[in-house]
Amino acid sequence: MTKRYFVTGTDTEVGKTVASCALLQAAAQSGYRTAAYKPVASGSERTPEGVRNGDALALQRHSSLALRYEQVNPYVFEEPTSPHILSAEHNVPLDFAVMSRGLRDLEQAAEWVLVEGAGGWFTPLSASQTFADWVIHEQLPVILVVGVKLGCINHAMLTAQAVRAAGLTLAGWIANDIVPPGRRHAEYLATLRQQIDAPLLGEIPWLTGEAERQPTGGYLSLAALP
């Protein structure tokens, strides 16, 4: 049976893609055929091949299977704003059936599929539905990326609570050091361990430049994942 996970974050810009790429590397190193999926992305550029999102391209590169861009990212918008605004503005409904069909295709080809969300847990996809609604529909186990900085404890607790209230499994979490660690760093991590109450899959240290674009799966352990 194909293993499937959904990656969400405590906020936008907390390093979901860096963590997702590290997870894909760790899974490939464990011998899995991996595929990444980012069904909805905004904040993209026009290229000779079409509109391309940088996060989706990174996920495509770190999948062990050779995937077409459209397989990784079926819905892509240029402007870096909430998908529900762009969906309405461009008259492109974000159809759950399309999102699920793309996931089914990857499940047939891969043994380990990672789905990356957009923004945080309740990112709207329409006036009435959020990304969380689709994840609940798919019953995906969730991996939470915590951007470790001031305020992250509250965001992490709220997100973990929301995931569990939806009846989903919080499969694990990743501590991503998105700012240089301060003197309270160890205390933040200790509190997060206690409050999230899910396996810590690893800590991605403060990264800059090329290292940020090329994370290593060596930071993480998948042993605790169901």
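**Sheet, pocket and cavity in a predicted model**

In this predicted model, α1 lies across β1 (3-9), β2, β7, β8 (142-147), β9 (170-176) and β10, running at about 175° to β7.

Visitor: What is the order of the strands in the open sheet?

Guide: The open sheet has 6 strands. Their pairing is parallel. The order is β2-β7-β1-β8-β9-β10.

Visitor: Which are the edge strands, and what is the average twist from one strand to the next?

Guide: An edge strand here pairs on one side only. That holds for β2 (34-37) and β10 (200-204). From one strand to the next, the twist averages 20°.

Visitor: Which residue in β7 stands opposite A35?

Guide: Start with the pair of strands. β2 and β7 pair in the parallel sense, over 4 bridges. Opposite A35 in this pairing stands V113.

Visitor: How many residues lie between β4 and β5 in their hairpin?

Guide: β4 (residues 44-47) and β5 (residues 50-53) run antiparallel, joined by 4 bridges. T47 stands opposite G50 in β5. The two strands form a hairpin, and the residues between them number 2.

Visitor: Which residues are closest to the centre of the largest pocket?

Guide: The largest pocket has a volume of about 1000 Å³. Its lining comprises 44 residues. Closest to the centre are T12, E13, K16, T17 and D55.

Visitor: Which helices and strands each supply at least two residues of that pocket's lining?

Guide: Both kinds of element take part. The strands are β3 (40-42) and β7 (112-120). The helices are α1 (16-29), α2 (54-62), α7 (152-165) and α9 (210-213).

Visitor: Which residues line the largest cavity?

Guide: The structure holds 1 cavity of 30 Å³ or more. The volume of the largest cavity is about 30 Å³. By class, its lining has 2 nonpolar, 3 polar and 2 charged residues. They are T10, D11, V14, G147, K149, C152 and H155.

Visitor: How far apart are the closest N and O atoms in the salt bridge of R4 with E138?

Guide: The structure holds 9 salt bridges. R4 with E138 is one of them. The closest N and O atoms of this pair are apart by 3.2 Å.

Conventions. Residues are numbered from 1 along each chain as its sequence is written. This is a predicted model: local features need pLDDT of at least 70, side-chain atom pairs count only at pLDDT 80 or more; totals for chains, interfaces and linings use all residues. Side-chain values use heavy atoms; hydrogens and water are left out. On a 1 Å grid over the protein atoms alone, a cavity is a set of points where a 1.4 Å probe fits but cannot get out, and a pocket is an open set with protein on both sides within 12 Å along at least five of seven lines; lining residues have an atom within 4 Å of a point. Grid points are joined across faces, edges and corners, and a volume is the space filled by probe spheres set on the points. Two strands pair if DSSP finds at least two bridges between them. Axes are lines fitted to C-alpha atoms, for helices over the stretch in contact, and angles run from 0 to 180 degrees between N-to-C directions. Contact means heavy atoms within 4.5 Å. Ala, Val, Leu, Ile, Met, Phe, Trp, Tyr, Cys and Pro count as nonpolar, Asp, Glu, Lys and Arg as charged, and the others, Gly among them, as polar. A salt bridge is a side-chain nitrogen of Lys or Arg within 4 Å of a carboxyl oxygen of Asp or Glu.
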